[in-house]
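Please read the following report alongside the sequence and the structure.

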Amino acid sequence: MSKRTASTAESAKKQKIENPGWPGHFEGDGLTLTELMAQGQGLTYDDILLLPSYIDFGVEECDMTTALTKNIKMKAPFVSSPMDTVTEDQMAIAMALNGGIGIIHNNMTPEAQAKCIRTVKRWRNGFILEPKVLGPNATVEDVLEIKQNMGFCGIPITENGEQHGKLLGLICAKDVDTADHTTKLSALMVPREKLIVGKTTDAKPISLEDAQATLHTAKKGYLPVVNENDCLVMLCSREDSTKKKSWPLATLDARQQLRVGAAIGTRPDDKLRAEKIAEAGVDVIVIDSSQGNSLYQIDMIRFLKATFPDVDVIAGNVVTKGQAKNLIDAGADGLRVGMGAGSICITQEVMAVGRPQATAVFQVAEYATKERGVPIIADGGIKNVGHIAKALALGASAGMLGGLLAGTTEAPGEYFYSATGQRLKKYRGMGSIEAMQQGKESGKRYLSENQKVQVAQGVSGAVADKGSVHGFVPYLYKGLQQAAQDIGYRSFTEVRENAYNGNVRFERRTHAAQAEGNVHGLHSYEKKLYATL
């Protein structure tokens with residue numbers, strides 16, 4: 001009797017079920033993972049399916065806890081990609097709150113990257129660290145526009161109209177309800193001398209509890225928090241505080257701060273970048289390279305492990321066991337797997353190198369995770385929640401999400417509208433000419449920053465508005481729980497173990513089968529991915 005059969009029998013005994021279902025597969029019913037990958041062809045996620053098995057548990061019992069690195073655990077297997085149209089501080093905060101982690105891109109100055117990390121690390125529920133502000137010469141029209149676009153209108157007024165300027169007053173909905181749209185805010189705002197404010201300094205920072213108590217006592221909607229120079233530091237909202245939001249999946253460090261990662265390159269000046277982001281409190285450094293099996297990366301891994309022993313290092317990218325061996329031998333705590341599979345990547349087309357993603361994940365995981373105990377992140381080719389489930393079943397501990405998160409509210413960049421009125425955001429590959437020339441750091445990823453002719457390995461484009469990560473990522477999480485349940489296991493850790501021992505079965509799909517498995521035969525349809533009740 002297999003472990004799975006014994007577990008089912010024991011579960012049935014406890015529940016006094018006389019005839020529990022059989023959780024196995026008949027011989028010839030699908031392929032084992034070894035049989036699937038022994039066919040000698042490079043496979044993508046769309047080429048395969050997992051066969052369902054017996055369910056004897058509720059979907060809420062499915063645990064998505066996973067390993068990011070050898071030392072860092074997460075409650076959800078999601079990592080946002082270090083791309084300049086995907087991950088900065090707001091994305092990293094949202095990812096960590098929802099059980100994953102964000103990797104802040106390095107196509108910016110080291111100082112700006114360190115600032116992003118500090119913002120994530122000092123995040124507290126109830127504090128708005130970067131509030132929307134206006135200057136005294138702004139008008140009621142500006143307030144109404146903010147209210148329409150962002151849903152609020154508790155707005156601090158600062159001397160220079162910037163976030164950390166000298167506080168002059170506060171404007172709220174009731175102050176502008178009946179006012180002429182051209183009226184300047186200086187004539188309507190509650191002036192500084194009439195405001196209840198919180199005070200904070202480096203030596204004595206204000207706590208969320210103290211700020212909430214002040215709001216409650218004063219019966220005010222907003223509490224501006226100022227420093228010793230009376231400059232705005234942050235804003236505390238009574239509404240946010242009273243919502244008492246809880247984040248049970250949040251990825252936290254030992255000090256109960258949100259975890260965050262950041263990317264660096266492999267050049268000598270990246271050592272200075274590493275020092276700045278380590279000082280800022282980064283939890284994991286991702287060495288960002290399209291082809292990670294290089295002397296430059298091996299030297300960087302050794303430097304990072306010797307200099308910052310408390311900071312984990314994720315190396316890559318790799319697609320073969322040989323590449324993985326060199327980076328693990330150098331000290332890598334985790335690996336990124338993927339080369340040329342991303343929706344905005346043209347590496348396979350231009351460079352004629354890479355590997356189909358499903359095969360790459362299986363081959364690297366079989367060595368790195370199964371033999372060496374190093375978790376891998378499937379990076380590239382993930383277009384939907386089903387692809388994440390397949391990556392996890394093939395051996396990945398997490399999926400790195402780029403295009404899937406681009407277009408969300410928390411992704412960097414401004415929304416714009418297409419000619420047909422669709423709301424869009426820019427999304428580009430870090431190997432695109434635009435990215436390599438704008439930040440000057442992206443070219444290092446492709447070892448081409450000093451070349452007179454830069455060969456693009458990515459493209460620039462746009463993606464549709466996906467709404468907030470706080471709605472989208474919980475949908476992905478629930479989708480993975482349901483996928484694990486259909487496969488017949490309470491976690492993807494169990495799915496992986498049973499895939500390796502042959503209990504989980506797979507099927508190859510022809511192009512016709514892939515078409516059959518998608519929406520077909522309709523004149524028109526609306527594909528709504530999720531709804532919240």
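## Crossovers around strand E14

In this predicted model, strand E14, helix H10 (residues 295–307) and strand E15 make a right-handed β-α-β unit. Strands E14 and E15 run parallel and are joined by three bridges, and in this pairing isoleucine 285 stands opposite valine 313 of E15.

Another right-handed β-α-β unit is made by strand E13, helix H9 (residues 270–280) and E14. Here the parallel strands E13 (residues 261–264) and E14 (residues 284–287) are joined by four bridges, with alanine 262 standing opposite isoleucine 285 of E14. Along E14, Val284 and Val286 point one way while Ile285 and Ile287 point the other way, and all of these residues are buried.

## The barrel and helices packed on it

Strands E13, E14 and E15 belong to a barrel that eight strands close in the order E4-E5-E13-E14-E15-E16-E17-E18, with parallel pairing. From one strand to the next, the twist averages 25°.

Helix H3 (residues 89–97) packs on the sheet, where it touches strand E4 (78–80) and strand E5 (101–104), and the direction of H3 makes about 160° with that of E5. Helix H13 (residues 357–368) also packs on the sheet, touching strand E15 (312–318), strand E16 (334–337) and strand E17 (376–379), and the direction of H13 makes about 170° with that of E17.

## Nonpolar cores

The largest nonpolar core holds 101 residues, of which Phe78, Leu304 and Leu335 touch the most other members. Helix H16 (residues 469–487) gives the most to this core, contributing nine residues. A second, separate core has 13 residues, including Ile72, Met74, Val284 and Ala398.

Which residues does phenylalanine 78 touch, if those up to four places away in sequence are not counted? Its contacts are Met95, Gly100, Ile101, Ile388, Gly399, Leu401, Val473, Leu476, Tyr477 and Leu480.

## The chain as a whole

The chain has 18 helices and 22 strands, and buried residues make up 53% of its 533 residues. Among contacts in the chain with a separation of 6 or more, 66% are accounted for by residues 24 or more positions apart. The chain exposes about 25,000 Å², of which carbon and sulfur atoms supply 50%.

Notes: Residues numbered from 1 in each chain as written. Predicted model: local features only at pLDDT ≥ 70, side-chain atom pairs only at ≥ 80, totals over all residues. Heavy atoms only, no water. Core = buried A, V, L, I, M, F, W, Y, C linked by side-chain atoms within 4.5 Å. Buried < 20%, exposed > 50% of the residue type's maximum accessible area, 1.4 Å probe, protein only. Helix = DSSP H or I, 4+ residues; strand = E, 2+ residues; numbered from the N terminus. Contact = heavy atoms within 4.5 Å. Areas by Shrake-Rupley, 256 points an atom, 1.4 Å probe, with all protein chains shown as cover. Pairing = 2+ DSSP bridges. Axes fitted to C-alpha atoms, helices over the stretch in contact; angles between N-to-C directions. Right-handed = clockwise from strand over helix to strand, strands pointing away.
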